[in-house]
Amino acid sequence: MGGWRAMERWRSEATRPQAGGVQYHIRCGPGQVARYVLMPGDPDRVPLIASTWDEAQPVARHREYTTYTGKVGGVAISSTSTGIGGPSTAIAVEELAEVGADTFIRVGTCGAIQPEVRCGELVIVSAAVRHDGTSDDYVEPAYPAAAHYQVVAALVEAAERLGLPYHVGVAASTASFHAGQSRPGWRGYTQTWTGQRIEDLRRAGVLIFEMEAATLYTLAGLFGLRAGGVMAVVANRVTDEMSYGGVEESARVATEAVRILAEWDQRLQRSGRRHWYPSVG
Ligand SMILES: O=P(O)(O)O[C@H]1O[C@H](CO)[C@@H](O)[C@H]1O
Ligand SMILES: O=c1cc[nH]c(=O)[nH]1
């Protein structure tokens with residue numbers, strides 16, 4: 001059994017557990033994470049995102065949580081992966097908030113359910129349908145999973161500055177990739193209602209399926225933090241096409257949005273006004 005690393009032994013209170021002075025799951029401590037954090041689901045996407053910055057250092061890697069911190073245009077920035085789905089995303093938000101992060105931008109991939117949302121394009125997500133499961137552990141179903149208006153505005157500004165094709169709209173976050181997104185299970189397993197969700201959401205004008213935004217947006221709303229998201233369309237369920245692309249573009253838009261937010265935050269602070277608006281400062 002020699003393959004097991006020595007499992008260090010830590011002691012902390014169980015309510016907000018730590019592991020030797022760093023957060024129990026993400027393994028980051030105070031001062032190691034910037035206030036602006038880009039959050040892909042895929043840990044391997046973190047170094048790719050960080051490679052678009054002026055400078056970047058690996059901070060931690062544990063379970064599905066890889067973190068890099070660096071600078072872009074003089075602004076401190078971090079990226080921490082969430083893993084797939086709500087439970088691990090909620091852990092990331094809880095523990096990043098504990099070490100000082102206050103603005104979260106999801107940088108994900110998604111599947112389009114509208115014909116005009118094409119593979120390779122970007123979707124800036126203004127709100128999310130809460131089929132994520134995890135947000136129900138935090139608040140009643142009627143509470144909205146809404147992005148912060150300033151983060152959405154910064155993402156739109158960034159996509160325009162970079163001249164990239166994008167949509168703005170609502171995502172549906174699901175607790176499973178297959179059944180929850182109206183895909184058949186193995187060997188064609190379905191329920192009578194399996195196809196219902198995609199059809200009803202499409203009629204409601206929802207643009208995409210993905211699996212983390214509703215959790216991220218709900219918790220950010222509850223905690224008074226800011227969240228938004230920009231996703232690369234890698235599938236279209238109308239044309240039944242899967243085509244992996246747009247991920248680097250989504251990372252560049254999110255990174256540019258952080259530069260824009262930092263500038264707007266400084267102007268707001270100088271103005272002494274309470275709420276940001278486009279011509280402040
Ligand atoms: O590419 P990421 O950010 O992981 O996002 C999407 O990809 C995964 C499913 O393939 C889910 O996490 C979904 O939200
Ligand atoms: O179809 C897709 C593609 C990416 N991510 C999802 O959640 N669904």
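Predicted model: local features only at pLDDT ≥ 70, side-chain atom pairs only at ≥ 80, totals over all residues.

Analyst: Let's begin with what a pocket is: on a 1 Å grid over the protein atoms alone, it is an open set of points where a 1.4 Å probe fits, with protein on both sides within 12 Å along at least five of seven lines. A residue lines the pocket if it has an atom within 4 Å of a point.

Residues are numbered from 1 along each chain as its sequence is written, chains are lettered from A and ligands numbered from 1 in the order in which they are written, and side-chain values use heavy atoms, with hydrogens and water left out.

Of its 20 lining residues, Ile-84, Arg-106, Thr-109, Phe-177 and Met-211 are the closest to the centre. Strand β7 brings the largest share of the lining, 5 residues; strands here are DSSP runs (E, at least two residues), numbered from the N terminus. By class, the lining holds 8 nonpolar, 6 polar and 6 charged residues. In this scheme Ala, Val, Leu, Ile, Met, Phe, Trp, Tyr, Cys and Pro are nonpolar, Asp, Glu, Lys and Arg are charged, and the others, Gly among them, are polar.

Next, ligand 1. Its shell, meaning residues with a heavy atom within 4 Å, includes Gly-41, Asp-42, Arg-45, Arg-106 and Glu-212. β7 (residues 103-112) gives the largest share, 3 residues. Several polar contacts (pairs of N or O atoms within 3.5 Å) can be picked out. A polar side-chain atom of Arg-45 lies 2.6 Å from an oxygen atom of ligand 1. Arg-106 places a side-chain N or O atom 2.9 Å from a ligand 1 oxygen, and at Gly-41 a backbone N or O atom is 2.9 Å from an oxygen of ligand 1. Taken alone, ligand 1 exposes 340 Å², of which the protein buries 84%; such areas come from the Shrake-Rupley method with a 1.4 Å probe.

Ligand 2 has its own shell, including Thr-109, Cys-110, Gln-181, Arg-183 and Val-234. The side chain of Gln-181 has an N or O atom 2.8 Å from a nitrogen of ligand 2, while one in the side chain of Arg-183 is 2.7 Å from an oxygen of ligand 2. The protein covers 93% of the 240 Å² of accessible area that ligand 2 has on its own. β7, β11 (208-210) and β12 (226-236) each give at least two residues to this shell, and β7 gives the most, 3 residues. The classes are 6 nonpolar, 3 polar and 2 charged.

Notes. Polar contact = N/O pair within 3.5 Å; in protein donor to acceptor, adjacent residues only side chain to side chain. Helix = DSSP H or I, 4+ residues; strand = E, 2+ residues; numbered from the N terminus.
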